[in-house]
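Hi,

Here is the structure I promised to pass on. Have a look at it first, and then read my notes below.

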Amino acid sequence: MGLRIRFSPADLGRVTVAERPDPLWEVLLAAHALQTHDGPLVFDVWRRAARARLDAPMRRLLAVTPARGYSPDFLTPAESAEGVEAGLEAVRRVPRTRLRRELDALPPERRELPWLRTLAEGRARPLCDLADAIAAFRLALLAPYWPAVERHLAADRSQRATVVLRGGVDQLLATLHPSVQWRSPVLCLNHGSFDRDLHLDGRGLLLLPSFFCWGHPTVLRDPDLPPVLVYPVTHDPRWAVPPAEGARREVAALIGRTRAAVLEATADGRCTTELARRVRTSPASASEHLKVLRETGLITTRRDGTAALHALSPLGRALLEGAPSEPPRPSAHPPLRPA
């Protein structure tokens, strides 16, 4: 059981890894994640924030993206690789025959939803409403976290590049995921209840690392569409913790609560007396903390008349804001989602 992707010799020379996140694939897979409890350590903080922002128009997207199983291929057009606007325009212009065919593949209980019945008529207004729902979902629920998405995917691409340099395309395909087996010239995806073959026929294969993909790789259902294999990356579980909140806890644990409060109070530049008042300590105690912070390179001090003004150094700001010194390092085998 599963999917067998069959390569010709020409296809092996046309295996590529996407250079940037695909915004509509991330929207689709985030919509799936929002409707499940999978990966609680990774996604629960994001889910709580996302569900609080979810509005009625965005729920139109959830109606057409069941948490399990098939979602229509037209939601993730190849044009999305060129940017979100190009992808949304492709959604708005999906041909009526394709729209009806793909919506008909949804479970019966979904097809009977009033919104889905309206969408299946293929009129321009419902398609524009769906594109607007996708755009709103992305802006409200993904855009605030997009830097973290990009960091994770950049780390994965770097790791895959190292694999290719050391072992070529064979090693790249052999280490994609535990549920994927490379037995040249066939890539076997050993999950799912389906049993079928996908012949690349010289078209090559795009490998697309995805932040919101969870558990196992996924592909488009239609074999005639440009072949793409979307696979999950490894996550830093703290990615969705608000930076200030997560950083304060970690900095306080590292250097002590009072000294961390002094460091935070220097963010907009203050003199010693103001800092002492801000953190509710004595000027002598504040001076001692400031001396340690200055000696460790976390703050800078300059004279302004008779006063000494203290401010964060670049290192201090990076520490306080929780900026990672390097992106997360993905393993060769991201964790499997329970069946």
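Helices and strands here are DSSP runs (H or I of at least four residues for helices, E of at least two for strands), numbered from the N terminus.

Some housekeeping before the rest. This is a predicted model, so local features need pLDDT of at least 70 and side-chain atom pairs count only at pLDDT 80 or more, while totals for chains, interfaces and linings use all residues. Residues are numbered from 1 along each chain as its sequence is written, and side-chain values use heavy atoms, with hydrogens and water left out.

Overall, the protein has 15 helices and 11 strands, and its C-alpha trace spans about 75 × 50 × 35 Å along the principal axes. Of its 339 residues, 45% are buried (under 20% relative accessible area with a 1.4 Å probe, protein chains only; over 50% is exposed, and in between is partly exposed). Taking contacts (heavy atoms within 4.5 Å) with a separation of 6 or more, 70% are between residues 24 or more positions apart.

Back to the sheet with that Thr-218 pair. It's an open sheet of 4 strands in the order S2-S6-S8-S7, with mixed pairing (two strands pair if DSSP finds at least two bridges between them). S2 (15–17) and S7 (218–219) are at the edges with a single partner strand each, so one side of each has no neighbour in the sheet. S7 runs antiparallel to S8 (residues 228–232), joined by 2 bridges. Two helices lie across this sheet: H2 (residues 23–34) covers S6 (205–210), S7 and S8 at about 55° to S6, and H10 (residues 146–174) covers S2, S6 and S8 at about 145° to S6. For these angles, axes are lines fitted to C-alpha atoms (for helices, over the stretch in contact), and values run from 0 to 180 degrees between N-to-C directions.

There's another open sheet of 4 strands, ordered S3-S4-S1-S5, also with mixed pairing. Its edge strands are S3 (180–183) and S5 (195–199), each pairing on one side only, and the twist averages 20° from one strand to the next. S3 and S4 (residues 186–189) run antiparallel over 4 bridges, with Val-180 opposite Leu-189 in S4.

S9 (residues 270–271) pairs antiparallel with S11 over 2 bridges, and Arg-270 stands opposite His-310. That histidine is on the covered face of S11 (residues 307–312) along with Ala-308 and Leu-312, whereas Ala-307, Leu-309 and Ala-311 are on the uncovered one.

On the helix side, the axes of H13 (residues 272–279) and H14 (residues 283–295) come within 9 Å and cross at roughly 105°. H13 and H14 are therefore roughly perpendicular (65 to 115 degrees; under 35 is roughly parallel, over 145 roughly antiparallel, the rest oblique). Thr-272, Leu-275 and Ala-276 of H13 meet Pro-283, Ala-286, Ser-287 and Leu-290 of H14.

Last one: H9 (residues 124–142) has 19 residues and reaches 26 Å from first C-alpha to last, close to the 27 Å expected (1.5 Å times one less than its number of residues). Asp-129 lies in H9 and is buried, at 18% relative accessible area. Leaving out residues up to four places away in sequence, Asp-129 touches Arg-60 and Trp-115.

Cheers
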